[in-house]
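The following note is intended for a colleague who is meeting this structure for the first time. Please read the numbered points beside the sequence and the coordinates.

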Amino acid sequence: MPNNKKKSKQKKKGGGAAASASSDGDPNLNGQVLEALTRLADTIAHLEVASNNDAVTGDTTATDAAGEVSDLAKETASLKLNDADDAAEATTSSASPTSDASPAPSKSTLTPPALPISHWRKLPLQAVSAYKILNDGAEYIHATSTKYTLVGKVDSKEGGNLAVELRKGAELIGTGTLLFFSQPCGSSRSLRHYVKQSSRAVLASVISLVQSFEDGVSQGKARDGNNIGAQKTGAVWSACESMMRNLPKGNRTAMRRELMLWVRDCKESIEEFEEILSLGPLDDGGADGEDAEDAMMDEEQYREKEMKMAKVSVNVMKCSKNLLGMVLKTCECVGEHADKLSSEGDVGDASSSQTEQQSDSAQTGQKKKPTKEKQKEMLQWISNLHEMARTVGEGVTNFGILLYPPLDSSNNHEEFEKWQAKKSATFFADECSIPSLGSTTLGLQLEHQLYALSECVMSVHNATLTTSGESIQNCLSKEVTEEVARLTKAIKVRCNEVEEAIGLWDPKDG
């Protein structure tokens, strides 16, 4: 009997928070919540920003928004404390891209059509609901994390109950995110990117906080000097406040933010390489053999034969920066007209003057698109143009990393063959007078960039809706029209410069 009493006392003393909860017959809530949060974070991580992977599909009116939110909330909650198989099934149903959701790549353009978007500046009800859900979730987590840290440090049972409250806030974050990724919300690729980034940051910070208590590193007594939990809580606060304050509101803000980031990257790259060019050519005339090679590696300077190639590449960067600025203005012009079409006054005028429109169509021989259909096409045109600009913006980085001295003159025959096949599959290549720049990696990237620039400028120059063929040039400002003309000439000059520089560089002798 005395031995049995000693053993029972030892059981009560040892084992930490998890053992204490188990001895009382309570579940390990921290562990369960941690598993649930991890499954939700994994679901969001696998959402595709560039294609439709709907949790809710189909055409939806504003009156159905409340039902969508309810369905999404149930779907998100199903990821929580269920078995792993159920969670995996829910993940598959919500994160797998639909086979026919995104448009098939066009054979007439180098850049495939982008995601359809439902709005520019004016938010639809689904987007308003999604933002509110995200903000509610962030506020709930922000407030609960403080209580969780203070209580969980000294009372693991009450801390576990508060962990369940953190899970409820995470469910709201998951619901809002899935709503942004649904077709009825009409989010652009840019908006999806920022929502996904922000949601993952919040969930990662919450997971880190709960994990610290599950592992016991944040456990202790009040005022014992252990501030790990406080540090983790600060990270949660920061992520939640960033979501509430910095998440772009709507497609316009998100798409403009990406465009301005690409412009900034262009500026920084131009400044960096102009600084290298200002050093002049590398003077390796007095060295030979290993000494010459060491001097070339030590000095961030171009050789004499590389100077021209580097200069024209920087000029292509400048042209890219100017084009991105033009795209930003163009999207604003067309977006404003699309918003006017969506206003109640214009919709009312369009429905009341249907007879007059039919009469005008009969007289002019042109069939005018209904207001909503035209607005939808204009928004798709903006989305497609922004995707072309993405190719330009990311292309600056792709060939910029190849510009550091010494220039790599090795050939990439595999990529060369792929590029030739891609060009032959489009009629756009036949309309451009862009020279072939060989099979070096740098030459291929510059050729890609020149084609991307030409495709983007040509799209704005034509300014024609894809389905109806209707011109929207009247939406463009005089400033945009003039910039398009200047860029068209500038691209031709850049093509000639790069072709000449490739010949002077003469990689075969490099």
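How many cavities of 30 Å³ or more does the structure hold?

1. The structure holds one cavity of 30 Å³ or more. A cavity here is a set of points, on a 1 Å grid over the protein atoms alone, where a 1.4 Å probe fits but cannot get out. The largest cavity contains about 50 Å³ of space, a volume being the space filled by probe spheres set on the points, which are joined across faces, edges and corners.

2. This is a predicted model, in which local features need pLDDT of at least 70 and side-chain atom pairs count only at pLDDT 80 or more, while totals for chains, interfaces and linings use all residues. Residues are numbered from 1 along each chain as its sequence is written, and side-chain values use heavy atoms, with hydrogens and water left out.

3. The pLDDT (the predictor's confidence in each residue, from 0 to 100) averages 79 over the protein chain, and 70% of the residues score at least 70. Confidence is lowest in helix H5 (residues 84-95), with a mean of 40, and highest in helix H10 (residues 250-277), at 96. Helices are DSSP runs of H or I with at least four residues, numbered from the N terminus. Residues 344-359 have a pLDDT below 50, and this stretch has six contacts in the model beyond near neighbours in sequence; a contact means heavy atoms within 4.5 Å. Where pLDDT is low, the predicted coordinates should not be read in detail.

4. The lining of the largest cavity includes Ser190, Met255, His386 and Arg390; lining residues have an atom within 4 Å of a point. H15 (371-400) and H8 are the elements that give two or more residues to this lining, and H15 gives the most, with four residues.

5. The axes of H8 (residues 189-215) and H10 come within 8 Å and cross at roughly 85°. These axes are lines fitted to C-alpha atoms over the stretch in contact, with angles from 0 to 180 degrees between N-to-C directions. H8 and H10 are therefore roughly perpendicular to each other, a term for angles of 65 to 115 degrees. Among the residues that meet are Ser190 and Tyr194 in H8, and Met255 and Leu261 in H10.

6. Two backbone features deserve attention. The peptide bond from Pro405 to Pro406 is cis, with omega near -5°, and Pro406 lies in the loop between H15 and helix H16 (413-424). Ala463 has a positive phi of about 45° although it is not a glycine.

Technical notes: Parallel < 35°, antiparallel > 145°, perpendicular 65-115°, else oblique. 1 Å grid on protein atoms, 1.4 Å probe; cavity = no way out; pocket = protein on both sides within 12 Å on 5 of 7 lines; lining within 4 Å.
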